[in-house]
Amino acid sequence: MGKLLFGVHNHQPVDNFREVVDSAVERAYRPFIEAAAKVERFKFALHFSGWLFEQVKLRHRELFKLIRKLVERGQVELVTGGFYEPVLASIPGDYRKAQVEKMNAFLKENFGVEPKGLWLTERVWDDSIVKDLTELGVEWTAVDDYHFIAAGFEREELHGYYLTESEGRVLKLFPIDKRLRYLVPFKPVDEVSGYLKGAKGLRTLFDDGEKFGVWPGTYSWVYEKGWLRSFLELVEAGEVETLHFSQAAEEKASGIAYLPSVSYYEMGEWSLPAERFKELQEAKELLEREMGPRTPEKLLRGGIWKSFFVKYPESNYMHKRMLKLCSLGVKSGRFTENLLKSQCNDVFWHGVFGGIYLPVLRDNFWRYTVEATKEAAEAGRLKLPLIEDFNLDGLEEALIRGEELLVGVGSLAGAVVELSLLNLPFNVQAVVSRHTEGYHIYSRQRKKENEGISTIHELEATFKAEDVPRDWHRKDSFICHFCPNPVTEEELLFERFREVGDFANQPFELKLLGSSVTAERRGALYLEEGVFKTVVRKSFTPTGRGLLYRQEIESDFKGKLYHLLELNLHFTEIPRLGRKGGTVTLEDKNLGKRIKLSLSVPFELLLTPLETFHQSERGLERTLQGVTLGFLIPFRGSLKTTVNLEVENV
């Protein structure tokens, strides 16, 4: 008989689309729990992230009542976690505790339970969390068996649970079996049963509930073709015995373990820069050929979850904006709630799912962050304007405020990195650059299995890599380019124009001047005629509903060049474009806003869609992030330009 700890984790990002949540309920959460309810011998752990659990309670009451029934009869063990599903190691201790306390309170109020187990978001482990968790009464959590392998264990010897400690605080760790993750529910049930019968000791499976109906091909396989029915028949017949984690935690530990900062293996791959991702895959293939398929994971590792803050500067800026607000000590329930929601993990990274590339996730983050920023400023805890390195990358950022606009200016390129509307919490600058991903440059041919279906980790994106635009600088706004020839829209779209200046991705010096911020760089133009000293000075001044931008350029080169002033603005649709003289308007009906840009000098307008080509659980996604605006201006040695940006209600 195979013994199994079975856990299901269900999650949707905070304020995800209602139709997405409802579809997940109907295709996965409800049918799974209804089927499980018919087999009382099937004991399993259940975790819903807090926001999703609230949605189930409010709009899917029969399902909520059924879960309560299963808890009351002892079939389901509820598991706590961060209420809004943050990566616990990425937020301050006070907020870490607040997230778990909020989840504990929800479970106590609605089910009368005080959970001892915790779902660790994305299984991101760092022993800095142990003290806080144990102080909250958490006794156990589940991590991947890869966590143990990275610490020197052999997969075959992992069973039951292990003890770890930090500062003398002890936590029990259950290793999630990777083989089971890839078998359940993707391969025939007899393969699952055979594996469990041959495995040593008690095995653990704790994985996404969406794999039981939401992931591609799973609804038909799990329900219509009967995978779940067949699995539950094995449990009912006693061929597979399921236990609760709390029961297993009362048994003797299998040993002690100290784990490195790590998540599941695939996460480490995804967090690498594209070229390192490709090299890692090639090294894996080499080791598999020379030393066998199990060798690479023992010897090779990718990055850690926080490496996404290096890979995606946009993610780092969001994360550090949140951390800055956490440090202010504002004592307000509304402020705290907004920050807790902003900590939802999905927006900060990207793997199989869209993550940071999904505009809705960034919009939700900025809505809560802007609300918290307003409250902190009104409480006198956030003094604006300010200049400091609040995104902790070694370069300063400025944050200035107008009547209805919050403006962030970064040292890199002296560009606008945030343009947040205060009356309608929305960041007009919340675009993401077209980063090169590992799957853009590497694709491994996988052997098709005869039986079962593919997991999302085995799906391959299909596209021509040369057709994917990629950026060599961040897609912020008010970026200064210098080009020897006129730039076309196609060249702007694919970033194929010739750049002769060093201002688009190099640091400027920031200074405050009253309510304005100035940015200056003494750089150069690199031409066939030689290297010419060039100075770019910028100033940003908030106005009522907009921003006044001024720039002065002085160069030793007096020949003919072209200055390309680039802006990248976030829209929910391709905006309706209008132009009258030196004024350009962009209108987004979905957003209900019109952005007006007035320039003081003649220009040629270039406009291209800003789209990303990124992987998702459905394959390759093409997602509109907004538009790129290029103002092409003739330049001979000196140039003064004024741009007035205004945001209007439609």
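User: What volume does the second largest pocket have?
Analyst: About 980 Å³. A pocket here is an open set of points on a 1 Å grid over the protein atoms alone, with protein on both sides within 12 Å along at least five of seven lines. The volume is the space filled by probe spheres set on the points, which are joined across faces, edges and corners. Bear in mind that this is a predicted model, where local features need pLDDT of at least 70, side-chain atom pairs count only at pLDDT 80 or more, and totals for chains, interfaces and linings use all residues. Residues are numbered from 1 along each chain as its sequence is written, and side-chain values use heavy atoms, with hydrogens and water left out.

User: Which residues lie nearest the centre of that second largest pocket?
Analyst: Gln 12, Pro 13, Trp 215, Phe 353 and Glu 617, out of 44 lining residues. Lining means having an atom within 4 Å of a point.

User: And which element gives the largest share of its lining?
Analyst: α1, with four residues. Helices (H or I, at least four residues) and strands (E, at least two) are DSSP runs numbered from the N terminus.

User: OK, cavities now. How many of 30 Å³ or more turn up?
Analyst: Nine in the whole structure. A cavity is a set of points where a 1.4 Å probe fits but cannot get out. The largest cavity holds about 120 Å³ of space.

User: What lines the largest cavity?
Analyst: It has 14 lining residues, with Glu 314, Val 417, Gln 429, Val 431 and Arg 474 nearest its centre. α16 (313-326) and α18 give two or more residues each, and α16 gives the most, three.

User: Which residues line the second largest cavity?
Analyst: Among them are Pro 13, Lys 341, Asp 346 and Tyr 368. α18 supplies the largest share, four residues. That cavity has a volume of about 90 Å³.

User: Switching to helices: at what angle do α2 and α4 pack?
Analyst: About 25° between α2 (residues 50-59) and α4 (residues 93-111), with the axes 10 Å apart. So they're roughly parallel to each other, a label for angles under 35 degrees. Axes are lines fitted to C-alpha atoms over the stretch in contact, and angles run from 0 to 180 degrees between N-to-C directions.

User: Who makes the contact?
Analyst: From α2, Gly 50, Phe 53, Glu 54 and Lys 57; from α4, Met 103, Phe 106, Leu 107, Asn 110 and Phe 111. Contact means heavy atoms within 4.5 Å.

Note on methods. Angles under 35 degrees count as roughly parallel, over 145 as roughly antiparallel, 65 to 115 as roughly perpendicular and the rest as oblique.
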